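Me: I would like to go through this model one feature at a time. Please give the rule first and then the case.

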Amino acid sequence: MIRATVTGLKRFRAVTQRPARSRVVTLSSGRMTAGFRPRLVIFDLDGVVYRGDRAVPGAAELIAALRAGGVLVRFATNNSMTTREGYVTRLTAMAIEAVPAEIVTSTSATIDHLHAHLPGVRKVMALGAPGMLAELEAASFEATAAADAVPAAYDGGALEVDYDAVIVGLDPQLDYRRLAAAASAVRAGARFIATNADLLYPTSAGLLPGAGSIVAAVRAASGVEPLVIGKPEPAIFWAILEAAGVPAGEALAIGDNPDADIVAARRAGIASILVLTGVVDAASAELLADERRPDAVAAGPVEVAAMLGLSLS
Ligand SMILES: [Mg+2]
């Protein structure tokens, strides 16, 4: 089992926060080798492990090498639309081994949060994709899709608003009726919980509205602030650390989005590597500061492996 010492982590941080001299803020893999060996590595999915339906080159090999070295691997995505089983199917098709318990989505993290902190919540309205509703139902919540909470021929009359919570994720079928149902329930006192607050959703068609844009609409219509679960809030990472029994100082997060992955890692006290296989290029990475600045920047999985002293087969 690879273990980081406190001293090792401090050295890692000190080294990685030096101003970059090269155009890419890339660290010497030799220093990284000397400094830090995580027991747990948390991968973001989109832009890190795959892009669309294609694995990022070297990602499968990096994950396999970590597992072979006894390092725990977990996957954390803000996407609320697919079940954990759905992600296993997707990863398996890319020759990446994974089981549902290793995957945390913003929906599964929301469910964990409800169980841990709001055990009185049973009856929920789901404004999101079918995968979100399926996960809530599988977790034994009395879940109603926002689409089913409004009469098909809604005429502006009274709505059923008696819910413990309204869970809002990305709903690609969003319409006025669904928005009205969710906002009315929140206005009537249901807790307003957002799976994540990403305003944009990167797709092959470009940047489309993300869950955060829908959350913003519900917020505007209800006048209530949501509880946000997904990155950049640290709840997803905390849940992973707790379940794995690994302290934050012995974990590493790898992400492509400074605003979500890197900020969440910092807030959770986890070291982070930003990879340039997703939403940020080298020039933008160089400008990152404060909470958005990662401990290291890597071009992709192959360079991450080198930083961690792993050789990929
Ligand atoms: Mg990503």
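Reply: Begin with burial: a residue is buried if 20 or more other C-beta atoms lie within 10 Å of its own, exposed if 12 or fewer, and partly exposed in between, with C-beta atoms placed from the backbone. The model is predicted, so local features need pLDDT of at least 70 and side-chain atom pairs count only at pLDDT 80 or more, while totals for chains, interfaces and linings use all residues. Residues are numbered from 1 along each chain as its sequence is written.

Me: Is Ala 95 buried or exposed?

Reply: Ala 95 has 12 other C-beta atoms within 10 Å, and is therefore exposed. Its phi is near 65°, a positive value in a residue other than glycine. Helices (H or I, at least four residues) and strands (E, at least two) are DSSP runs, numbered from the N terminus; in those terms Ala 95 is in the loop between α4 and β5.

Me: What share of the protein chain counts as buried?

Reply: Of its 313 residues, 49% count as buried. The secondary structure comes to 12 helices and 15 strands.

Me: How do I read the pairing of strands?

Reply: Two strands pair if DSSP finds at least two bridges between them. Here an open sheet of five strands runs in the order β7-β6-β8-β9-β12, with parallel pairing. β7 (142-145) and β12 (227-228) are at the edges with a single partner strand each, so one side of each has no neighbour in the sheet.

Me: Which strands does β8 pair with?

Reply: Strand β6 (residues 123-127) is joined to β8 by four bridges, and the two run parallel. β8 also pairs with strand β9 (residues 191-194), in the parallel sense and over four bridges. Ile 167 of β8 has Ala 126 opposite and also stands opposite Ile 193 in β9. Val 168 has Ala 194 as its bridge partner in β9.

Me: Which way do the residues of β8 point?

Reply: Strand β8 covers residues 165-168, with Ala 165 and Ile 167 pointing one way and Val 166 and Val 168 the other way. All are buried.

Me: How does the chain get from β8 to β9?

Reply: The general idea is the hand of a crossover: it is right-handed if, with the strands pointing away from the viewer, the path from the first strand over the helix to the second runs clockwise. From β8 the chain passes through helix α7 (residues 176-187) to β9, and this β-α-β crossover is right-handed. Another right-handed β-α-β unit consists of β4, helix α4 (residues 84-93) and β5.

Me: Which strands pair with β4?

Reply: Four bridges link β4 (residues 72-77) to strand β1 (residues 40-43), and these run parallel. Val 41 stands opposite Val 73 in β4. Strand β5 (residues 103-105) pairs with β4 in the parallel sense over three bridges, with Ala 76 opposite Val 104.

Me: What does α7 pack against?

Reply: For packing, two residues are in contact if their C-beta atoms, placed from the backbone, lie within 7 Å. The buried residues of α7 pack against β6, β8, β9 and α8 (211-222). Among them are Leu 179, Ala 182 and Val 186. Gly 189 follows α7 and has a positive phi, near 120°.

Me: How is a nonpolar core read?

Reply: A nonpolar core is a set of buried Ala, Val, Leu, Ile, Met, Phe, Trp, Tyr and Cys residues joined through C-beta atoms within 7 Å. The largest one has 96 residues, of which Met 125, Ala 126, Val 166, Val 168, Ala 182 and Phe 237 touch the most other members. This core draws at least three residues from each of domain 1 (6-78 + 232-307) and domain 2 (120-228); such bounds come from an automatic or database domain assignment.

Me: Which residues does Phe 237 touch?

Reply: Not counting residues up to four places away in sequence, Phe 237 touches Ile 42, Ala 76, Ala 253, Ala 264, Ala 265, Ala 268 and Ile 270.

Me: Where is there a cis peptide bond?

Reply: The cis bond joins Lys 231 and Pro 232, with omega about 15°. Pro 232 is in the loop between β12 and α9 (235-244).
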